[in-house]
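This report looks at a ligand site and at one strand. Look at the structure before reading on.

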Amino acid sequence: MASKSRYSSTRFHDSSLQEFFSFEEVVLKGLASDGGLFHPDLIPNVRQDYLDWKDLSFSDLAYEVIRRYVDEDEISDSELRDIVHRSYSTFRHEDVVPTIELNKSKNLHLLELFHGPTFAFKDVALQFLGNLFEFFLVRKNKSISPSEIRHHLTVIGATSGDTGSAAIYGLRGKKDVSVFIMFPDGKVSPVQEAQMTTVLDPNVHCLSVQGTFDDCQDFVKAAFGDAEMNRTHHLAAVNSINWARILAQITYYFYSYFTLLKANPDLKPVKFVVPTGNFGDILAGYYASRMGLPVKKLIIATNENDILHRFWQTGTYSKKPTHHPTENPHNGIPEDGSQAHPDGAKETLSPAMDILVSSNFERLLWHLSLEHEFMVNSHVKKETSIRTAGSKIAGWFQDLKTTGKFTVDPEILQNAQETFGTYRVSDKETTEMIRACYRGEAIAKKEYVLDPHSAVGVAASLREIDSSEHDKNIAVVSLATAHPAKFANAVDLALKDEAGFDFDSVLPEQFIGLDKKERKVIKVPANTDLAGIRDLVTKEVEKEKEIRNGA
Ligand SMILES: *Cc1c(COP(=O)(O)O)cnc(C)c1O
């Protein structure tokens, strides 16, 4: 019998509050009101079924995976199939997320996640999230009379790069949804700025803010906390803590595994290596493995912003490194909702991973803490263990806020170490890896151009393969999270002196002439306050309604 898919907050411990939420509530709320993240009450077990999915197309497989987390009485089979199918029909590659072989003798493979509309892996999640938002809004509006005000969603986000363009491409043209993306004027890469501002749909609004990424983030936080704003708008966020984003990412771990299995029927459990920032991508791999996918190990590859790497060494999650103080701190703190910190994150060649704290790590801690409770307090009721785990998580994140760190129980660390490995990769190593791959020194495939984030992953993969515990019969899949053309600086830095290398040769046709296309962007003046932003958002949403009614 199918059990109900329902969700709770990682910080739930007060039984006078709402404990369970539907999928729709979780997607539209984003963050739980106690500050925690939503997690599935039960992780579906597919050990009996998953091999039946081996020959499915990506989109049909994604449907099977997602179906297990969403009740049929919330979204019917045909509706869900339609949402999933539309989300992945925008990808350019027939396999959507192909896995290619980088080196046969090392058994090293690359899962290319950048064939979506904005050439970054965030498309896999945001194409789906955009269609989900629209689906829920359209359904709500079906049951209202023509004289009632339509339900409308106002998505507000801040970006210093990939999230903004992927969100815009996920939401452009969607009914009853407006999207506002703030970015610091002159501080996002030219390609990323062009990608965002050349989308001319009436429901897309790019706000260029005089200031830093932090200032943009502060506006977003202030907007979400503003009573007036919440009275006039139904606000929604698209940052990486939204459960639907994690859910959409579970799919490609299965698909990649099946790609390898089809080539090798004797496939052993696989290692996945994931360039990691906010821990969303690799967390999806954890869910895949908990569902029953044969995963040998999940390997976190970080750049010099290495809070996760340090946690896995010590069991202490601390914003401040104790040994190597951050040189060259800047204030461009992570997109996607992690806390600001006076020291800032370190600026690296892989900017989408420049984070101080990884927001989605809280979800892993929740699952590990609950397991720990079951183990040490096996005689108590499940509800009691859940509340103890929730209260522990709430305490840890309170400590993080006040003291900048917390430490977990040794058994929790040990459990985390059994499932995950970590490597920290420097900028120097990143450029060397881009070069070594291009030259065909590190991998057998010559002239393959990696983006700097994917290079962090391949560097970590090779270190894992060279480690003494590694068994050469185990396949290693490194995740490629962006197309090299998005990060011209780092790629050029690595390859400018290579004979015969021409950056234009990696440029996809979609990027050619992008800088000359018509743009739509609202300049937010330097002295603007929250009231100014509120007026601007309200005015723009009104304008959209006029356009729609006039059309
Ligand atoms: C967002 C991003 C990452 C990090 O993914 P997380 O889910 O935040 O860990 C890595 N590479 C690229 C190119 C990204 O855009």
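## Basis

A polar contact is a pair of N or O atoms within 3.5 Å; within protein, one must be able to donate a hydrogen and the other to accept it, and residues adjacent in sequence count only if both atoms are side-chain atoms. The model is predicted: local features need pLDDT of at least 70, side-chain atom pairs count only at pLDDT 80 or more, and totals for chains, interfaces and linings use all residues. Residues are numbered from 1 along each chain as its sequence is written, and side-chain values use heavy atoms, with hydrogens and water left out.

## Ligand contacts

A backbone N or O atom of Gly280 lies 3.1 Å from an oxygen atom of the ligand. For Asp281, a polar backbone atom is 2.9 Å from a ligand oxygen atom. Lys122 uses a polar side-chain atom, 2.5 Å from an oxygen atom of the ligand.

## Strand 7

Strands (E, at least two residues) and helices (H or I, at least four) are DSSP runs, numbered from the N terminus.

## Neighbouring strands

Two strands pair if DSSP finds at least two bridges between them. Strand 6 (residues 177–184) runs parallel to strand 7, joined by six bridges; Ile181 has Cys206 as its bridge partner in strand 7. Strand 15 (residues 522–524) is also parallel to strand 7, with three bridges, and its Lys523 stands opposite Ser208.
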